[in-house]
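Hi everyone, thanks for coming. Let's take a look at the pockets in this model together.

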Amino acid sequence: MEQLLDDLRWRGIIYQETDAEAMKETIEKEKISLYCGVDPTADSMHIGHLLPFLTLRRFQKHGHRPIVLVGGFTGLIGDPSGKSEERQLQTMEQVELNVQGIKKQLERIFDFEGDSGAIMTNNFDWAGPMSLITFLRDYGKNIGVNYMLAKDTVASRLETGISFTEFTYTILQAIDFLHLYQNFNCKMQIGGSDQWGNITSGLEMIRKMAGEGAKAYGMTIPLVTKADGTKFGKTEGGAIWLDPTKTTPYEFYQFWVNTADADVVKYLKFFTFLEKAEIETLEGSVEAEPHLRKAQRALAEEMTRMIHGEDALQQAIRITEALFSGDLKKLSADEIEQGFKDVPSYEHEKSEDSGLVELLVAAKISPSKRQAREDIQNGAVSINGERVTDVQYSLSEEDKLGGKYTIIRRGKKKYHMIQYK
């Protein structure tokens, strides 16, 4: 088991840990249960949630049992960490919908079979029925206000204001750790670096309520950063979601394949399960032949396969290759939707005249018929990747990809999608 901790340190995954020597000794001697949680603040996780769960999966690959906690109860309260103001409270119904969405995504990451099969839990199961008296007498009594005020997540909010609701969050998460310790023999919690205060509150609760001899540990993962100082996991279109209806597999693939040379090796270490030797080979490629982008492609393939599956990965690769070559006729309607999701589109009645000049004007691709004719004659207009220079050209059924779309390009980069009603 020393190999696991050595691997985590080589990957740069361990940021903070409690009682490192005792934790190492425990992990080497026995197979433990350990957990990581996520609050259902949305109906999907984004890639910013991935690293702690992938770290939990690394423990599972070494024979330890992961407990995956979805915060159906704490999601109703809201974690103050990283926020300068109160969260908008969600309804019970929305939180439950969010829980179901997130569970499906976690099921893709973990193995739920065998001796080290993952356990899925929801803290609403034990915290939901808890009375206020129980909360105050059994748990609140064991965590001092001064102790809570010293937490960064609370201290950072004292000037701008924090409600009692969010103030109690750290106690609620401490109850989770205690419950899992007592009922699932859970000896460790993993979380992002912003969860250090909540993790140590859980250890304090276990120490107070399970006795001085209780052995439990915490470990945090570093914040994922980009070399250029911009925020990881964000694009002009917003967050990179794990839900394929929010971020398509092609967009997901493209996010990773566009990783900068300065970041790609770190991301390979953080997010993939590739072995050290393979990552070091890819690192050498970044230095010796960066134009080949082997490391970026390996990263994109590993991540897309893990989150969306092999079929979605191959689809993303087909779209990428078709866009690079300009040969769009090989793509299905679904692949066209993914590849051209964000380009301007125009709905065209199938019964309307499909003369190319008229269509360019109607779709506002060209500002006038005169300009449209000039564009066509100058070779500036392509239909589904093929240049058209005939001003009398009319679109036929053969130009409708999947019977639904035509992709028109004006110039080198201005794409437009024609949709047929």
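A word on the annotation first: UniProt positions are given in the numbering used here, feature names are shortened, and annotations may be inferred rather than shown by experiment. This is a predicted model, where local features need pLDDT of at least 70, side-chain atom pairs count only at pLDDT 80 or more, and totals for chains, interfaces and linings use all residues. Residues are numbered from 1 along each chain as its sequence is written, and side-chain values use heavy atoms, with hydrogens and water left out.

UniProt, in an unreviewed entry, places the short sequence motif "'HIGH' region" at residues 40-49.

Now, which residues lie nearest the centre of the largest pocket? They are His46, Gly48, His49, Asp194 and Gln195, out of 43 lining residues. A pocket here is an open set of points on a 1 Å grid over the protein atoms alone, where a 1.4 Å probe fits, with protein on both sides within 12 Å along at least five of seven lines; lining residues have an atom within 4 Å of a point. The volume is about 1400 Å³, meaning the space filled by probe spheres set on the points, which are joined across faces, edges and corners. Strand S2 (33-38), helix H3 (50-61), helix H10 (169-184) and strand S5 (186-192) each supply at least two lining residues.

The second largest pocket has about 750 Å³. Helix H12 gives the most to its lining, four residues.
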